[in-house]
Amino acid sequence: MQTILFHSTIFGPIHSRRLGASLGVNLSPTDGKTCTFDCIYCEAGYNAQGPGKSGLPARYEVARMLEDKLATMQACGDRLDVITFSGNGEPTIHPDFPEIINDTIALRDRYFPDVKISVLTNSTMLGKAEVAEALKKVDNNILKLDSAIEQTVKLLDRPNKAFDLNEVIRQLSQFSGSGIIQTMITRGSHNGQTVDNSTPQEIDALIEAYRRIKPRSIMIYSIDRRTPEQSLQRVEHDELKSIGQRISEATGIEVSIA
């Protein structure tokens, strides 16, 4: 079974096809996975592998390890474009997420003041005011919306908590003009059910949602590595480009493709 990607709290820098030279921050366990989604395309595998035994990293440990890495990189003259919160699950479920963002901003300003801070979130914790306020402080608040059709979200992302798509879209609209919406486009099947969010019906629904949310920009991409559901297909660049052009023309919002 495919398992977790990251065995440390601070990892990289790695090259991100969307963000550049990225130093990763993993607020999930280093030996397991914790997430409010269980996406069939997740590169870190399914939640069934369990949360491990290491637990969530303590706030002070995250700050200490991040400062050590940034100080070393500064001394070596290493290139860095972005500090990215990602990893083996959903970063915003960490109980100290808002405080960790404040720590990270302070450390960024001290060592690499021109570097951006990005958070990749699945948008399930936006109902917590403190999480939403923390996300408003970062440079790239990258918020997941894989479909605007609830049945597709439940097939593709498999929420493991109470989920109301209309409420999530409403919560996403609080980041109008600043948030970045990220949408994975793929097709295949899972447990005998067809999954395809590339159809005209799906794109029409996404366009309507994007219009409601009014994000700063939209990222669309497709699978690039092995996925736990092996039937999933990569949507090639030319098709993504055509979808992106349609979205941009319909919404007036910038669309990037990876």
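## Briefing: contacts, strands and a cavity

D38 is buried, with a relative accessible area of 14%. Buried means under 20% relative accessible area, exposed means over 50%, and partly exposed lies in between (1.4 Å probe, protein chains only). This is a predicted model, where local features need pLDDT of at least 70, side-chain atom pairs count only at pLDDT 80 or more, and totals for chains, interfaces and linings use all residues. Residues are numbered from 1 along each chain as its sequence is written, and side-chain values use heavy atoms, with hydrogens and water left out. Helices (H or I, at least four residues) and strands (E, at least two) are DSSP runs, numbered from the N terminus.

**Salt bridges**

- Side chains of opposite charge can pair when their charged atoms come close.
- The whole structure holds 20 salt bridges. Each is a side-chain nitrogen of Lys or Arg within 4 Å of a carboxyl oxygen of Asp or Glu.
- D38 meets R158 in one of these salt bridges, at 3.0 Å from N to O. This pair links distant parts of the chain, 120 residues apart. R158 sits in the loop between helix 4 (150-156) and helix 5 (165-172). D38 sits in the loop between strand 2 (20-26) and helix 1 (59-76).
- R158 is partly exposed, at a relative accessible area of 23%. D38, as noted, is buried.
- R110 and E67 form another salt bridge, with their closest N and O atoms 2.8 Å apart. Here too the pair links distant parts of the chain: R110 is in helix 2 and E67 in helix 1, 43 residues apart.
- R110 is exposed, with a relative accessible area of 51%. E67 is partly exposed, with 26%.
- D204 forms a salt bridge with R246, and the closest N and O atoms are 2.1 Å apart. D204 belongs to helix 6 (residues 200-213) and R246 to helix 7 (residues 237-251), so this contact ties together parts that are 42 residues apart in sequence.
- D204 is partly exposed, with a relative accessible area of 42%. R246 also counts as partly exposed, at 32% relative accessibility.
- A network of salt bridges links E61, R64 and D68.

**Aromatic pairs**

- A search of the whole structure gives 3 aromatic pairs. Rings of Phe, Tyr and Trp (its six-membered ring) pair if their centres lie within 6.5 Å; planes under 30 degrees apart count as stacked, over 60 as edge-to-face and the rest as tilted.
- F6 counts as buried at 15% relative accessibility. F11 counts as buried at 9%.
- F85 and F97 make another pair: the centres are 6.3 Å apart and the planes stand at 80 degrees, so the pair is edge-to-face. F85 lies in strand 3 (residues 82-86) and F97 in helix 2 (residues 97-111), so the contact ties together parts 12 residues apart in sequence.
- F85 is buried at 0% relative accessibility. F97 is buried at 0% as well.

- Strand 7 (residues 186-190) is mostly covered, with 4 of its 5 residues buried.
- Two strands pair if DSSP finds at least two bridges between them.
- Strand 7 pairs with strand 8 (residues 193-196) in the antiparallel sense, over 4 bridges. S189 stands opposite T194 in strand 8.
- The hairpin of strand 7 and strand 8 has 2 residues between the strands. There, N191 takes a positive phi near 50 degrees.
- Strand 7 also pairs with strand 10 (residues 233-234) in the antiparallel sense, over 2 bridges. T186 stands opposite R234 in strand 10.

**Cavity**

- Rolling a probe the size of a water molecule over the atoms shows where empty space is left.
- The count comes to 1 cavity of 30 Å³ or more. On a 1 Å grid over the protein atoms alone, a cavity is a set of points where a 1.4 Å probe fits but cannot get out; lining residues have an atom within 4 Å of a point.
- The largest cavity has a volume of about 50 Å³. Grid points are joined across faces, edges and corners, and a volume is the space filled by probe spheres set on the points.
- Its lining residues are F37, N122, K144, L145, D146, V153, D157, F163, L165 and V168.
- By class, the lining of the largest cavity has 6 nonpolar, 1 polar and 3 charged residues. Ala, Val, Leu, Ile, Met, Phe, Trp, Tyr, Cys and Pro count as nonpolar, Asp, Glu, Lys and Arg as charged, and the others, Gly among them, as polar.

How values were computed. 1 Å grid on protein atoms, 1.4 Å probe; cavity = no way out; pocket = protein on both sides within 12 Å on 5 of 7 lines; lining within 4 Å.
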